[in-house]
Amino acid sequence: MTRTIRCVATVVALFCATAASAAKFGTTERFVREFRLNTNGTLWIDNPFGNVEIVGGNVANVTVRAQKTVTGIDDAAIREALDQTQLTTTGSPQTLIIRTLLPAARTERWMSVVHYAVSVPSTVHVKISSQMSDRLRVANVSGGANIKNVNGAIVIENVTGPVVADTVNGDITYDPSGSPTNGVQLSSVNGQIEVAVTPEASFQWIGKTIRGDFRTNLPVSGRMSGTTFRGGINGSRGATITTATMMGNVFVLKKGTKAEQTQSVRSIVGTAAAGGVGPAILVKSFHATLVDGDFTFNTPLGNVSVGQVRGRARVTTRAGEVGLGIVLGECTVTSFGGPLSFGDIVGFLNARTSAGDVVINSARAGGFAATDGGMIRVLHAGAAMTLRSGGGDILVANANGSINAETRSGDVTITVAPQVRRSPIYAKTSQGNVVLNVSPQFAADIDATLITADEDAEIRSDFAGLAVRRDQVGQKTRIRFTGKVNGGGDRVELFAEDGTIQITGESRPVVISPSLP
Amino acid sequence: MPLLLTWSLDAAGREAAHRHIETCPECHEEWLSMKDTWQVLADLPQVDVPPHVRDRFLAAALPQQAVVIPFRRRPAARWLAQAAAVVVLAGGAYFAGQRTAPVRLAPRGAAVTAAQPMMQGQPVYSIAETRVLPAASMSPNIEGRPDIENVQFVDADPRDGQIGVAFDVTQHVTVTGSPADKSVVRLLSYVLQNDPKSSTARSQAIDWVRQTYSEPRYANPEITQALASVLHNEQHEGVRIRAVDTLQKLPPKFTSSGDATREALIDALKNDPNPSVRIKAVEALARMANSGQSLDQAAVDTLRQKAAQGDENLYVRVKAAEALSKIGPR
């Protein structure tokens, strides 16, 4: 008996608590309205948060069913949410605009979503703008559709007019119920695109993707050119469907089949460049702690991270981050975009990136490093190094061999190891400063040139006995500092424009900033 | 004030006079006026007195010479000035001979200056008069656009929550205070935005800001705005890269601060010619989205545009897409 009472009491308490919390934390309002809209008119729904479903039919008017759901931390917040989530209607019989208005600055105290279910005359054109939703769906409309959102799926069914669908993270499903008869543009940044057509449907297909793939189980012809496919389905007749997704896949399916039943278009058609079959996989990353031997890796897109390579390393990526810890042999890395970082490279280093920083902890055999834009930092250069940056600082903290460093814009700072008494140095910046730190015994033939519009600018040197010449070059002053230090040695050529040149004759610890990863 | 102007006071007297002038608006105004007049007098051309005017003047003056109390020039001013000059020269020469830091050789012949980077905890040597001002006693408003140079940052004791900003204006000044002090913030903002002569100084200032203002308790929208301004206006790519690096490390304590950061990053992503700056901007936006910070419509549109832009660096496009993938419900 006691047990029964306890159970009943628990159930009742749970029920009461649930009811109380429901009453406190949320509520829903529903609206139904009817509007007149011309048969060739446009319906525009702007609803930031919530689903929208528009279905065309043999009806004379537009019927809008809206459900406003709000949740809040207390009753006042809920009242505020209801109050500040406004549904408005404007326009004319030619253009009907239904809009959900929310305050510009969102509060943490409440949330609101509005779901719309709308029936329209099938001949109208529909436009939907949304930010977050589970799904936006348009069906049975011949006037075309224009749909844009950030998050949430877009489903377009039996829409025979022109279609434009654009989402950031959502998937797009398009089913024209036959062959598309008008132009269709479907684009998603991170989602996938699926087009389902009848087996005999024929259309032109332009597809673009960076990380994804094009797949179909229909007869396809065409050509891959880089990340773009141009071709068609069933003979490429009729309208053009353009599918663009950055990171997702594109599927063109026979209606009723599944994505698993498709094959990659790359494996079917040839590439424009080679006339051969395109790579089936676009994205390939590699992560390993140890590669016992030579390491060769080539990917159109992907990151590479290896702790140690006990041989030579040769890495190429069109875009991606490359990080190699220890490489015992030669190291050649090419990236068309992305930062490069190296630990201890024992062999000759050859590193290039089209964009991004290059960080080298140790290049024992020296080498070459270049970036079209970004900083280059070398903590230890065991031998001669050539460094090039299209814009960004170059820093060599401990140079044991000759340094040839040039940047289009940025500072060049080179600290020659204290035990090095002579070494050729070339440092040039077209906009920035050049700082050379050498030991007091460093012997060199100095040739430093500073071109500047600053009248107070000057070349600073700890070494006496250098000749200074100052002349005018156009609107700027050229200051040239030449001479031998410590009896003369290898040539040290420094060039800076719109900055300063500083030559210090002391061993000074170099502060790496920002700190290395 | 005349004594102060003619360097006729000893160091303690000068310091006391300066302190009073700073706290007394009337004296401050008078001091500025006197300095201006003094300067104007110095700049006036020396014109030889015509002989007939001189003769007339002497003729008129000489008969009265006996009844006029002879003007005895106070020797102290000149003497002290000479002594000060000797001390300054001797001190300067001594330091120049002793120091191991760089000696600056002026291009028109060798000249010794005191320029040297200040290391942490290292005492400051300067041949100029040095003044230490507590930030709390200063007005945070910087009037005009003073030409400040040789900016250095000091944190003698990292535990005491005090920092120092040293610079040269008409004299060497060190302003000390908490990083949260409005005067310190204004001064750093000014240094970040108004030191066109040396990108190195600005880079150092940015590094200093990153070290100091990354702590959430020191988050300040004014610093963020200053960095955003650097990112927008600076020609030097290395400095812009530093600025964007620092911006993403500052805590978005204030809404306006977060907005300023976001706007600066979006602007850099859209317009910066250097791909590395754009990469860092897009990475920062991705990090913001990842950490739950909301991205407004402008940010989303820019990222969207970048992700789809065929001629943009592929890595930037991929990063833009990654940033967009982190966007959740706001």
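Predicted model: local features only at pLDDT ≥ 70, side-chain atom pairs only at ≥ 80, totals over all residues.

Reader: At what angle do the axes of α8(B) and α9(B) cross?
Author: Roughly 150 degrees, and the axes come within 8 Å. Axes here are lines fitted to C-alpha atoms, for helices over the stretch in contact, and angles run from 0 to 180 degrees between N-to-C directions. Helix α8 covers residues 221-233 of chain B; helices (H or I, at least four residues) and strands (E, at least two) are DSSP runs, numbered from the N terminus.

Reader: Which residues of α8(B) make the contact?
Author: Thr224(B), Leu227(B), Ala228(B), Val230(B) and Leu231(B), where contact means heavy atoms within 4.5 Å. On α9(B), the partners include Val239(B), Arg240(B) and Leu247(B).

Reader: New topic: how many residues does each chain put into the contact between chain B and chain A?
Author: Chain A gives 65 residues and chain B gives 48. About 4300 Å² is buried between them, 52% of it on carbon and sulfur atoms; that is the accessible area (1.4 Å probe) that two parts lose on being put together, summed over both.

Reader: And how many salt bridges go across?
Author: The rule finds 6 across this interface, each a side-chain nitrogen of Lys or Arg within 4 Å of a carboxyl oxygen of Asp or Glu. One pairs Asp393(A) with Arg242(B), the closest N and O atoms being 2.6 Å apart.

Reader: Which element gives the largest share of chain B's side?
Author: α13(B), with 9 residues.

Reader: What does Lys319(B) pair with?
Author: Glu321(A), in a salt bridge with the closest N and O atoms 3.1 Å apart. Lys319(B) sits in helix α13 of chain B, while Glu321(A) is in the loop between β26 and β27 of chain A.

How values were computed. Residues numbered from 1 in each chain as written. Chains lettered and ligands numbered in written order. Heavy atoms only, no water.
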